[in-house]
Amino acid sequence: MDFYFGLIQIIGVHTLLGLSAYCVLLTGQVSLAQAGFFAIGAYVAGMLTVIAQWPLVPALGVSALVAGATACAVGFPALRVKGLMLVVATVAFGEAVRLFFFNFTYQVQAGNIRLGPHGGEGFRQIRYFPENGWTTLDVMLFIWAVVALVMAGLWWLNRSRAGAVLRAVGEDELAAQSTGINITAVKISAMTVGGVIAGIGGGIFAHYTTHIEHVQFGVVLATFAIAYPILGGLSNVFGTLLAVIFIQGFLIEGLRFMGDWRNLLFGGLIVLAMNVRPRGLLDAGAMLALKRLFFSRKERSDA
Amino acid sequence: MDLLDLIDAVQSVADGVLFGATYALLGIGFTLIFGVMHKLNLSYAAASIGAAYASLLILAGIEAPAIFVFLMAAVAGGVIGGLVYLIAFKFIPLANPLATLMSTVGLLLLIDEIIVHSTAGVPLNYPALFSDVIIPMGPFNLRGDLIFVFALGCVCMVVLLLLLYRTKLGLATRAVSQQPIASELCGISITHVNVLTFVLTGVVGGIAGAMTGAAIGMLSPLLSLPLTVKGLIVTVIGGLGSIPGAIIAGLVVGGLENFFQFFRGVSERDLYIMLLLFAFLIFRPGGIFPTTAGRD
Amino acid sequence: MLDLQAVSKHFGGVRAVDGVDLTVARGQILGLIGPNGSGKSTIVNLICGLFPLTSGRIVYNGADIADLPPHARVTMGIARTFQNIRLFGQLTVWQNLWVAQNSSEQRKQNFLKRWLGGSRSAREEIDRTLEFFDLAHKRDELAGNLAFGEQRRLEFARALSAKPALLLLDEPAAGMNAEEIDQLDGRIRRMRQDGITVLLIEHHVELVMSVADRIAVLNFGQKIAEGTPAAVQANPVVREAYLGTAAAA
């Protein structure tokens with residue numbers, strides 16, 4: 001049973017990572033910096049609970065703030081460039097964060113062991129959950145409570161005017177400017193919200209794995225972050241969730257019996273999916289069709 | 001710092017500049033594809049490494065001279081380049097840049113995994129040319145294999161520049177990259193130009209992959225991600241769309257990499273390269289040679 | 001209301017707009033005509049801030065707006081349509097108008113209400129605009145799925161959503177049939193009744209002659225004539241540069 005709980009935890013955390021990229025993608029920007037914000041969240045939250053002995057929730061709050069502030073600061077120079085340049089700039093930022101933690105050591109003596117991040121060896125012993133007697137089930141429920149909260153917030157945002165404005169900027173910046181939208185402010189806000197979500201996700205990640213190190217936050221994680229919303233489709237937050245379940249649950253765990261072949265299938269399926277459904281699994285057309293399906297049923301049952 | 005350290009430092013930077021020729025070639029590849037398609041091909045460096053692997057595979061069991069391996073890498077690169085276009089670009093509508101980006105990411109993972117799968121993840125030795133030659137120059141020693149890699153890179157660049165600026169194919173390529181619709185109206189088939197660009201950049205990539213293998217002495221799928229990142233950085237620092245820029249940036253990044261490695265250690269090395277990129281993005285976002293944006 | 005003073009825009013060696021003076025009086029419909037490539041669309045792009053000026057001043061309600069970003073100009077009451085339709089195709093018709101509510105009056109709303117909920121009056125306004133443009137039945141359709149004529153109307157409607165005082169219409173009749181042009185004629189006249197100043201850029205001479213109070217004629221980036229429709233029509237310079245070529249073709 002613990003295996004499934006563990007899997008569900010992974011899905012939850014990766015959903016947060018995917019949603020953080022989702023916010024930015026809505027404005028048409030491809031950011032590969034999300035793994036960097038995720039790493040910042042992980043290290044900040046870990047250091048607060050381990051070294052400063054804070055409880056988890058305020059630690060997560062601070063990690064969200066720090067990651068969000070970083071995202072906002074990065075947004076100003078980075079969002080001046082577009083397309084390929086932005087991809088490269090954000091990759092470089094993500095790598096710079098990773099390399100920073102690769103070289104970052106800050107340890108304190110606790111009893112007979114030393115605690116805290118230790119350069120290339122990483123940050124071990126983030127043992128908040130076991131120390132406070134949380135079971136795997138508790139952790140899982142906590143993670144999903146956060147995921148549900150974030151998803152509900154984004155879902156609501158999506159239906160609001162703010163969501164429509166984000167999409168308008170994503171679709172045609174020139175037209176958006178000409179209808180009076182301040183596109184710089186919109187993009188930086190999206191980046192900041194994305195950073196906050198990635199920060200929370202990273203903070204949780206640090207605590208359930210108990211051991212983080214720089215290699216976990218590389219380019220691969222950054223590409224996963226954008227892969228989820230792109231594969232799932234940008235019309236809806238549930239697309240991202242669907243893609244995380246598909247990738248983490250089905251491709252990575254479900255196909256374990258295939259051994260080596262699983263990894264081959266993984267890349268191949270992504271290529272195939274993009275060829276067949278370039279706008280993602282749940283695109284706007286699919287959502288509208290679903291909506292019609294429901295509404296026409298309702299009308300029929302009313303009659 | 002005494003004199004011996006200085007000599008070592010200069011030596012190491014010189015080695016880096018020579019190796020930088022591979023970065024330059026990859027940068028050119030990224031720039032050319034972006035110029036013609038206005039799309040990012042993230043699988044490019046992985047495909048280049050894949051081509052180098054394929055050259056080993058083709059020549060497995062045959063005692064062939066190393067130069068032949070390089071030739072095969074170029075051929076394999078071309079074939080893989082064509083395949084990449086077919087798989088990750090051909091059938092995805094132009095209006096969906098995110099989808100092509102993602103499909104090239106998928107392809108990157110796929111190529112890496114094919115390599116891991118067929119070699120069980122064990123790095124393979126790659127033949128080097130003139131590795132036993134050492135040219136002493138005063139207090140410095142120039143490694144024969146690196147000189148060969150550098151020379152090969154230079155030949156590649158010259159041939160590529162001649163191809164782009166002295167042939168009809170090059171003219172068509174440049175036309176498509178500047179005004180796709182107008183070129184099509186002039187009777188240039190965009191699809192043909194796209195395929196040719198991918199094959200051409202594939203050949204260049206194959207050679208770059210072989211050069212990497214020869215310079216390091218081995219091949220590993222772990223090379224493809226760092227090469228992707230370095231190639232992209234070179235593209236941006238050089239100025240998107242500028243081939244001379246990519247060449248200079250490639251050599252500079254190669255040299256600086258070893259410079260920082262020498263003075264700050266291998267773990268901090270790349271951090272400074274990233275900072276260099278940020279400096280460019282903030283102070284000179286157009287790169288060394290900014291291309292003037294055309295009107296549409 | 002809007003004053004262009006010696007406005008120039010050069011692209012490299014090309015003088016797309018060269019020292020143009022143009023005044024749009026409040027409540028007026030000013031037609032701007034000229035052959036292809038005479039700089040009409042460039043003037044629109046300069047007024048709404050998509051291109052920086054090479055030289056000259058753009059004065060709107062007494063203030064020089066040449067250095068303001070495009071979105072700030074919309075807030076001040078300058079809205080536009082695009083010649084080549086640029087709707088948000090993946091948003092619904094209704095949302096297209098929603099995102100465009102950026103007038104200074106609309107910006108004064110409570111922050112949360114404006115971005116998250118949207119006040120009732122804002123919603124009713126959208127419904128009224130859709131009604132006026134005969135798009136109410138398409139409100140939940142994706143804008144990208146509309147027919148061409150409907151997309152043109154939606155462009156117009158979206159520009160009105162920001163409650164402009166000055167409306168820049170960039171070839172609103174392009175590709176329309178006679179009946180649609182008739183309706184467009186009526187809607188532009190309605191703008192004048194509602195007190196909206198209009199700068200109408202149009203190829204369709206009949207439409208301009210019919211609705212415009214005054215007409216300015218551009219050729220090779222320079223203004224060659226200005227006056228009432230009748231005067232412009234009678235002007236020999238205009239005939240030679242514009243109507244003359246039209247007659248020959």
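Predicted model: local features only at pLDDT ≥ 70, side-chain atom pairs only at ≥ 80, totals over all residues.
**Figure 1. Helix α7 of chain C and the elements that cover it.** α7(C) runs over residues 148-161, and its 14 residues should span 20 Å at 1.5 Å a residue. Twelve of the 14 residues are buried, so the helix is largely enclosed by the rest of the structure. The buried residues include C:Glu150, C:Arg152, C:Arg153, C:Glu155 and C:Arg158. C:Leu154, C:Phe156, C:Ala157 and C:Leu160 are also among them. After α7(C) comes C:Lys163, with a positive phi near 50°.

**Figure 2. The largest nonpolar core.** This core has 268 residues. Those with the most contacts inside it are B:Val149, B:Ile207 and B:Ile233 of chain B, together with C:Leu200 of chain C. From chain C, the core draws at least three residues from domain 1 (1-77 + 164-249) and at least three from domain 2 (87-162). Which residues does B:Ile233 contact, leaving aside its neighbours within four places in sequence? In chain A they are A:Val88 and A:Ala92. In chain B they are B:Val253, B:Ile273 and B:Leu277.

**Figure 3. Chain B as a whole.** Eleven helices and four strands make up the secondary structure of chain B. Its radius of gyration is 19 Å, close to the 19 Å that the globule rule gives for 296 residues, so chain B is as compact as a globular protein of that length. The C-alpha trace of chain B spans about 65 × 50 × 35 Å along its principal axes. Of the 296 residues, 52% count as buried. Among contacts in chain B between residues at least 6 apart in sequence, those joining residues at least 24 apart make up 76%.

**Figure 4. The contact between chains A and B.** Chain B gives 38 residues to this contact and chain A gives 35 residues. On the side of chain B that touches chain A, at least two residues come from each of α3 (66-88), α4 (97-119), α9 (224-238) and α11 (266-283) of chain B. The largest share of that side, 13 residues, is supplied by α4(B). By residue class, the side of chain B that touches chain A consists of 30 nonpolar, five polar and three charged residues.

**Figure 5. The contact between chains A and C.** Here 26 residues come from chain C and 19 residues from chain A. On the side of chain C that touches chain A, two or more residues are given by each of α2 (70-75), α3 and α5 (111-117) of chain C. That side of chain C divides into 14 nonpolar, eight polar and four charged residues.

**Figure 6. The surroundings of B:Asn96.** B:Asn96 is found in the loop between α3 and α4 of chain B. Is B:Asn96 buried or partly exposed? B:Asn96 counts as partly exposed because it has 17 C-beta neighbours inside 10 Å, while a buried residue needs 20 or more. Leaving aside its neighbours within four places in sequence, B:Asn96 contacts A:Pro278 and A:Arg279. B:Asn96 and B:Lys39 are separated by 57 residues in sequence, and their C-alpha atoms are 10.0 Å apart in space.

Technical notes. Residues numbered from 1 in each chain as written. Chains lettered and ligands numbered in written order. Core = buried A, V, L, I, M, F, W, Y, C linked by C-beta atoms within 7 Å. Domains from an automatic or database assignment. Contact = placed C-beta atoms within 7 Å. Expected span 1.5 Å × (residues − 1). Rg over C-alpha atoms; globule rule 2.2 N^0.38 Å. Nonpolar A, V, L, I, M, F, W, Y, C, P; charged D, E, K, R; others polar.
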